[in-house]
Amino acid sequence: MSNAFPKNSSTSASLPDKQPDNQPDNQPDNQSPNIHSPQPSAIRPAKIDWQMDDTGNQVPVSGEFGDVYFSHADGLAESRHVFSAHNQLPKRLTNLVPHQCFSIAELGLGTGLNLLATWQLWRELRDMHPHLATAKLHFITTEKHPIPLTDLTQILALWAQRAPELSVLTAQFLAAYPPLIAGCHRLNFLDDNLTVDMWFGDAADSLAKLALDTSLQPVPYIPTPYIDAWYLDGFAPSCNSTLWAENIFAQIQRLSYLGTTAATYSCAGIVKRALKDCGFEIKKVKGFGRKREMLTAIVPMPTDLTDVNNNAHDHANNRSADSVHTVIIGAGVSGLLTAWSLANRGIKVTLTDKSAPLAGASGNPRALLAPKMTPIHHVDEHLHSIGYLYSSRLYRQLNKEAAKQNTAPVLELTGALDLLIKANIGTEQIADYPDEMATTLSLAQAQETTGLKTQDLSENLYLPQSGLVNPQALKNIILTHPLIRFQQLDVSSINEMESCVRVEGSNQDKGAMTISADNVVICAAFESHKLDRRIFDCRKIRGQLSWFTPTAAELTNLPKVPLKYSGYCAAFTAQAGDNELNGVVEGAAHLLLGASFIRNDTSTDIRDEEHQISRDKLVTAIPEMESVIPADSSLWQGRAGVRTQTPDYHPIVGRLAQSQRTWVMSAMGAKGYALAPICAETLADMMLGSFAPLSAAMLARLSPNRIRLQTPLN
Ligand SMILES: Cc1cc2nc3c(=O)[nH]c(=O)nc-3n(C[C@H](O)[C@H](O)[C@H](O)COP(=O)(O)OP(=O)(O)OC[C@H]3O[C@@H](n4cnc5c(N)ncnc54)[C@H](O)[C@@H]3O)c2cc1C
Ligand SMILES: C[S@@+](CC[C@H](N)C(=O)[O-])C[C@H]1O[C@@H](n2cnc3c(N)ncnc32)[C@H](O)[C@@H]1O
């Protein structure tokens, strides 16, 4: 490894907690930042103007920079020439070995044309070369002024006529396009083994957040991530200096390695000098169309490894055979989603639970997917917001899978209305958000949406991407993955050895059983510390969810969408298979009422007084429900579980100190269905040495070894 490219850790295990991310809904958010400070991370969307090009086509122009997004001649052909061909992608991607991940970083997502062109090339190569079936493409892109979806749809429609081969990909890209919120948005296109991380915000800030070393002690078999190819695609340096600035090149240097390449249409002196200064060898080559020249660059290999096409350096970014089998302990939402993220990276998973999948807190009839909100200037570092948006996208993607398998949907996209009784955000701050993430409904709309008649709904938070997750449906889809096998096992001990880890326990039919694997991930919630004493013994908060079958008359007066107040309520119709987990009547409507919060209580008996607690929360918040919700709860059903929580409210995600093969993902608090999916992606990236979708600072806040977790609870 060259001295010019030191792989220093950018994480610190002792960063102060910026914000409590994991509080139960009934706790005051007393660590909230000052909500009236300036808004550095609020996103200003692109303003699109239009110009006629040489051939009579309309082309989009940036209102901010006054430059065109792509070539007047043929943007797609230029993208292929400059970025694909001159980063030698056809050859380098073809040469990937099974499970290998190739990372591209782009400066300036713009219209997504480079991404679409690269995606299409990747698809073609995968079709032609079966050995690429398990290889992966990770496209990391940055954008300060993302284009609003309506403009983007119009822009990309141009290419539908000019390049019909892009149209299938364009439709998928537009369907996954996130709300214009600062921070990282991960989009997984599983059929193509393509992960796209869109970092909205200034590129220098975003690149600085990419973590190279995600743990305290590097482990030889986990490679350090780095960028294989750079697309330097800012507007002309004369009108877009921030994308060609010193702090950008400092990041390019930090994130590159031997054999990393870069390409740009620009041959400006500052670009050439900056690339040379950060260790690239540069070469001028013929530019696209009428452009005389463009730049291509490479971090040179030592003389005996000069051919980048050999991928000789890629040992450092290669999936090691050491990580091919993982045992996960605990099959709640944390274990299930970790299994899903690993299996989608080609890792074989044995998912265990002492009783059955969803036996713990995750097994409610439905979970409400809703974020804890934060003022928008903190959103880029707010795990709840990032996690919620990712979860909503993932569950909707899984709905398509469920439709193919003719099973119940994973997410019923109902939307949800928060009455702002316990929220840490007011309507002024909600107005800063794009409507597709969060908005305030007018009184008339709120009444229409909820069906409530006398409630004061003038202040509210409406969450269009919220809905009800069906845990049983989620579990069914995850367990059909060919690389995931469920094994009932009450794990009693974990023995980590140099070359493997041995997980020992007892199976209800076969007795003592041992499973050997390359890694183990402990997802045993509040019991995790019993399996490894290095894991913090968390706060345990019992909760009971209640439900009953309303009469036809009651049903007509129930709220029409899930509501949040100091608790939450939601109507749902039980689907086929729901009664495997809970006492519900298939095809019948039910009203869920949640939930109690009882500290230091881990018993899971059903208590009438806790039914009443949830009923009281509802009728206190919405008095008109007093006459609708029966006072007699003797026929109600319930399920009690234990929430697991750290003192700083952040989950625990990462590798244990002094360990090579033992990982943990736990402490999801009251929001496991919003947090587990993004935490699972992060953990899988850490395990395989890829760039995570969370900032280095956030990874430090989630670390199992952080300072806040060194002092036991008293
Ligand atoms: C009443 C209530 C309502 C909630 N409502 C919501 C909601 O609406 N939305 C939301 O997002 N979140 C909600 N939550 C929070 C959410 O349920 C949790 O955050 C989530 O379930 C945590 O998932 P987990 O997989 O980490 O833990 P769990 O689901 O508890 O899973 C841990 C698993 O580990 C297994 N295990 C433990 N020890 C061993 C061992 N030695 N060997 C093998 N297996 C072991 C257990 O059997 C268990 O299945 C609610 C929680 C409660 C209690
Ligand atoms: C030439 S366009 C990129 C075109 C794009 N690659 C495509 O395929 O359409 C340059 C992009 O960089 C963005 N940009 C400019 N300055 C930026 C900065 N400092 N950080 C992040 N993005 C920036 C612009 O908003 C614009 O979308």
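This is a predicted model: local features need pLDDT of at least 70, side-chain atom pairs count only at pLDDT 80 or more; totals for chains, interfaces and linings use all residues.
A salt bridge is a side-chain nitrogen of Lys or Arg within 4 Å of a carboxyl oxygen of Asp or Glu.

The protein chain splits into domain 1 (75-318), domain 2 (323-361 + 474-537 + 648-709) and domain 3 (399-469 + 540-645). Notice how domain 2 is written as three stretches of the chain, while domain 3 is written as two. Let's look at where those two domains meet. Their C-alpha centres are 29 Å apart, and the contact draws on 21 residues from domain 2 and 17 residues from domain 3.

How do you put a size on such a meeting place? The size of an interface is often given as the accessible area lost when the parts come together. For domain 2 and domain 3, that comes to about 1,500 Å², with 64% of it on carbon and sulfur atoms. If you want to find some of the residues behind that number, click on I477, F526 and G669: together they supply 35% of the area that domain 2 buries against domain 3, more than any other three residues.

Now back to the rule we began with. Applied across the interface of domain 2 and domain 3, it finds one salt bridge. Elsewhere in your viewer, pick out D537 and K540, whose side chains meet in a salt bridge, 2.6 Å from N to O. As for polar contacts, six residue pairs are counted between domain 2 and domain 3. On the side of domain 2 that touches domain 3, helix 13 (residues 471-479) gives the largest share, three residues. Sorted by class, that side has 13 nonpolar, five polar and three charged residues.

Let's finish with two loop residues. Take A359, in the loop between strand 12 (348-353) and strand 13 (367-369). Leaving out residues up to four places away in sequence, A359 touches D353 and R639. Y221 is another story: A359 and Y221 are 138 residues apart along the chain, and 34 Å separates their C-alpha atoms.

Then there's S659, in the loop between strand 29 (652-655) and strand 30 (662-666). With a relative accessible area of 2%, S659 is buried, because buried means under 20%. And what does the side chain of S659 join up with? The side chain of E496, through a polar contact of 2.8 Å.

Key
Residues are numbered from 1 along each chain as its sequence is written. Chains are lettered from A and ligands numbered from 1 in the order in which they are written. Side-chain values use heavy atoms; hydrogens and water are left out. Domain bounds come from an automatic or database domain assignment. Contact means heavy atoms within 4.5 Å. Buried area is the accessible area (1.4 Å probe) that two parts lose on being put together, summed over both. A polar contact is a pair of N or O atoms within 3.5 Å; within protein, one must be able to donate a hydrogen and the other to accept it, and residues adjacent in sequence count only if both atoms are side-chain atoms. Helices (H or I, at least four residues) and strands (E, at least two) are DSSP runs, numbered from the N terminus. Ala, Val, Leu, Ile, Met, Phe, Trp, Tyr, Cys and Pro count as nonpolar, Asp, Glu, Lys and Arg as charged, and the others, Gly among them, as polar. Buried means under 20% relative accessible area, exposed over 50%, partly exposed in between (1.4 Å probe, protein chains only).
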